[in-house]
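Visitor: I have a structure to go through with you. Could we take it one residue at a time?
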Amino acid sequence: MPGYELALMLRAMPKPELKSTLTRISQAIFDRGGIIRNIENLGFRAMPYKTSSHSLVHREANYFIFKIDTATQAVVDLKEEYSRDVDIIRQRVYKIQDKVDHTCTLEEELLPPAYREEVQKMIELGKTQVNRFTYKFKYNSGLDYYPFQK
């Protein structure tokens, strides 16, 4: 299952209501076969600009980030369900990219260009292409002489 980050902005509410809302959000993920890896509370703070959601104007919100693993189709269902939830002001889902193993090639990159393996491959490729593509000027003017001075 691919990994996703679910960023949520929840309306201002007391802690018991907030707890029940987070439970409801989590249960929706579990019902669709998802796994919650981490829940990060970014706190209660003022929003950068006022936002209207479900015919209410919001100026402050609780910010949460859920790191989840779930199927792609379940993400579509979750977004649709959360868009109807009156406690959620805004939600965004971001796909987490798989980590690529980057090996350090600093020693190889510090070598002079003539000794680098990639440069030597490019030189060999250039030699084979120069021999294959030799360009000769063709006189296509219909004149029996070159009209410009050589």
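Visitor: What does Ile25 touch, not counting residues up to four places away in sequence?
Guide: In this predicted model, Ile25 touches Leu8, Leu10, Phe66, Tyr82 and Ile88, where a contact means heavy atoms within 4.5 Å.

Visitor: Which residues touch the most other members of the largest nonpolar core?
Guide: They are Leu8, Leu10, Ile25, Ile29, Phe66 and Tyr82, in a core of 17 residues. A nonpolar core is a set of buried Ala, Val, Leu, Ile, Met, Phe, Trp, Tyr and Cys residues joined through side-chain atoms within 4.5 Å; buried means under 20% relative accessible area, exposed over 50% and partly exposed in between, with a 1.4 Å probe and protein chains only.

Visitor: Which element gives the most to this core?
Guide: Helix H1 does, with five residues.

Visitor: Changing topic, where is Arg32 found?
Guide: Arg32 lies in the loop between helix H1 (15–31) and strand S2 (35–53). Helices (H or I, at least four residues) and strands (E, at least two) are DSSP runs, numbered from the N terminus.

Visitor: Is Arg32 buried or partly exposed?
Guide: Arg32 counts as partly exposed because its relative accessibility is 29%.

Visitor: Which side chain does the side chain of Arg32 make a polar contact with?
Guide: That of Glu81, at 2.7 Å. A polar contact is a pair of N or O atoms within 3.5 Å; within protein, one must be able to donate a hydrogen and the other to accept it, and residues adjacent in sequence count only if both atoms are side-chain atoms. A polar atom of the Arg32 side chain also lies 3.0 Å from the backbone oxygen of Ala28.

Visitor: What conventions apply?
Guide: Residues are numbered from 1 along each chain as its sequence is written, and side-chain values use heavy atoms, leaving out hydrogens and water. Local features need pLDDT of at least 70 and side-chain atom pairs count only at pLDDT 80 or more, whereas totals for chains, interfaces and linings use all residues.
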